[in-house]
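I opened my notebook today to look a few things up in a structure. Come and read along with me.

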Amino acid sequence: MDDNQISPVHSNGNFEEKELLPSSPIEASKAPPVAPVDDGTAKAVDNVLYSDIGVNTLLVRLKQSIASARDFASFLKKRSSIEDEHAKELKKLCRVTHENVRRQESRQGSYAKQFDEVTNVHERMAENGAQFALSLHQMHEDLTELSQNMEKNRKHWKQTGLAAENRVQDAERQMEKAKAKYDSLAEDYDGVKTGDKKVRHFGLRGPKNEEDLQGRVQAADGDYQQKVQHARSQRQELVTTLRPQAVKAIQELITECDSALTLQLQKFATFNEKLLLSNGLLITPLGDPNSPEKTQRSLRDIVHQIDNERDLQTYIKGHASKVPSRSTEIKYEQHPGSAGPPQSAAPMSAAPMSAAPMSAAPMSADPNQPLQRQATDGSHYPTPSSAGGYQAFNGYQQSPHERGYGGPPPQHYPGPGGPQHQQYPGPGGPPPLQHQQQQIPSYPGGGPGPRPGSRDQAMRGGMNNGPPSKPIFGINLEELFMRDGTPVPKIVMDCLQAVDTFGLDMEGIYRVPGTAQQIQQLRAMYERDPEGVDFRNPETFFHDVNLVAGLLKQYFRELPEPLLTNENYGRFIEAARIQDPIVRRDSIHAAINELPDPNYATLRALVLHLQRVQSHEANNRMSSMNLAICFAPTIMGAHKGPMQDAGLQAQVVDTILLNTLQIFDED
């Protein structure tokens, strides 16, 4: 077999042997000198080779050489597969990174430019790895072909050489048998002639005479001589022709196999050296750093070209055209309807109020007439009830028909001359209604009186059928964010806080439904006056926290688009199919990061809340999977696809709940 058949070199890659031999230190170094074989060793080797065990010994040694070539070929195949897979994955990573760097969400400027060059360096390293893998695969094929040819030749010489040895051994065994027969007959004949022995019986014919025994001895002697001559000729042919021929052929096969294996090992070492040098030159090119002709930069130089400060200034400068213009100054403007009692234009007299002249007009007998106090200039100050028909009280507006809830109606003052006037601490207005505050009931954690959003207010007028002043249900989260300025809707935060306060230990929370009619009453309260609803008072939700849980789920169900969005639905379902829990978590995390900001903020608040619910599983019996079953269709919408995949929705939510702190932070 010639050298081209033993180890052809793939000429399409960057690892051609003709390119490596001149520059490789391995090839340039001198081979170690071969120690001469002394006469004693050579004589001992010849004694073994040209003995009866010589051919068999060489055949075993050839089998070992073939096995070594096959082992190295298997190593090259696996190493080639690993390098090829690494090169493909590195190319794929570079391609994905190129796309990510060009996205608007990523940082631009010098960072994007220099990082793009870093990925280009890695792409060239991947190309070197691919060529290295291709060269190793070619070496594997060469060694496999060599092993097959060596095995074929070994079988041939095993049959030829051992057959000659066996023929000689058979001839010598036949000779030994003939000699034993001749010696036995001759001994019997001598005994008969001397009278020491009687004539033995031979077969069924009875005893033979001396003449017959002599004839058998002569026949055995002739056969023995013939066998000796045949064995001698076979031995002579084996020693002079057949054995040396087989020994030489098998030795050549061993030398060829070992030489080819050594050559492939040298090429393997050279290719490894070439790969490392090529990648090293890509990372740190050689040359004079002060030379103006140097075009290729090292990886360190590329990274040093990133200018963080300049990138930041360039980014901010790019938004100069988006700066809004201010047409008016920031100033406080009070609404006319919320203005307090008008102040007198004339300054108040420093004299005591008792010194001013009093009106002698009697008090009106009509109890519905407002009580007025005459000022020093003769004008009258209206009571708070005269401005718009509402009376200010403790920060809330109280309508006239609620006035009887807090205190008594206006009183007539006795006296023959008219009302008994009192001095007021301020310039006009009635005294504080302290007696009314003491009569108004209160609840723990809240102020006095029927706060807006309470059950009393809902029963008194919050349940009318008028149009909502500030609709919440059925409004897109981004529209709510643009309108209200809060990424998480107020109704969501209120419901989560109410369940955190009153429902964490409630068995079956989010699973046990509330009364539909009462849920609709809570919804009407939000649609009429969302700012006035206060779930800190359990009377607001009729002391049933399941109504709050049902209201929250109804709000999510009526969103125009599900919380996890229709656009990302397919990504969540595909991620749920992944068997590896870590890879599934990372895929779902990546899909969550693609959500719009209001959706992300709302989902984060909901998931952190559900994690707190799950932590009370011993009391509320709501595990992560139970919560996932309750909320999956609520935040993902109706399932799209085969019915057998409907359970993947719950798998998505369950994975989020089991990895809450890995996906969202608690800060």
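Here are my entries, topic by topic.

**Ground rules.** I am working with a predicted model, where local features need pLDDT of at least 70, side-chain atom pairs count only at pLDDT 80 or more, and totals for chains, interfaces and linings use all residues. Residues are numbered from 1 along each chain as its sequence is written, and side-chain values use heavy atoms, with hydrogens and water left out.

In the model, residues 161–188 are 100% helix and 0% strand, with 42 Å between the end C-alpha atoms. I noted that helices (H or I, at least four residues) and strands (E, at least two) are DSSP runs, numbered from the N terminus.

**Helix α6.** Threonine 144 sits in helix α6, residues 110–194. Threonine 144 is partly exposed because its relative accessible area is 28% (buried is under 20%, exposed over 50%, partly exposed in between, with a 1.4 Å probe and protein chains only).

**Salt bridges.** How many salt bridges does the structure hold? I noted 25, each being a side-chain nitrogen of Lys or Arg within 4 Å of a carboxyl oxygen of Asp or Glu. One of them joins aspartate 170 and arginine 173, at 2.0 Å from N to O. Both residues lie in helix α6, three residues apart, about one turn of the helix. Aspartate 170 is partly exposed at 37%, and arginine 173 is partly exposed at 46%.

I also looked up arginine 523 and glutamate 527, whose closest N and O atoms are 3.2 Å apart in a salt bridge. These two lie four residues apart in helix α15, residues 516–528. Arginine 523 counts as buried, since its relative accessible area is 17%.

Then I came to a network of salt bridges that links Asp52, Glu165, Glu172, Arg235 and Arg243.

**Cysteines.** Is cysteine 257 buried or exposed? I wrote down buried, because its relative accessible area is 0%. Cysteine 94 is buried too, at 2%. Counting disulfides as pairs of cysteine sulfur atoms within 2.5 Å, I got zero.
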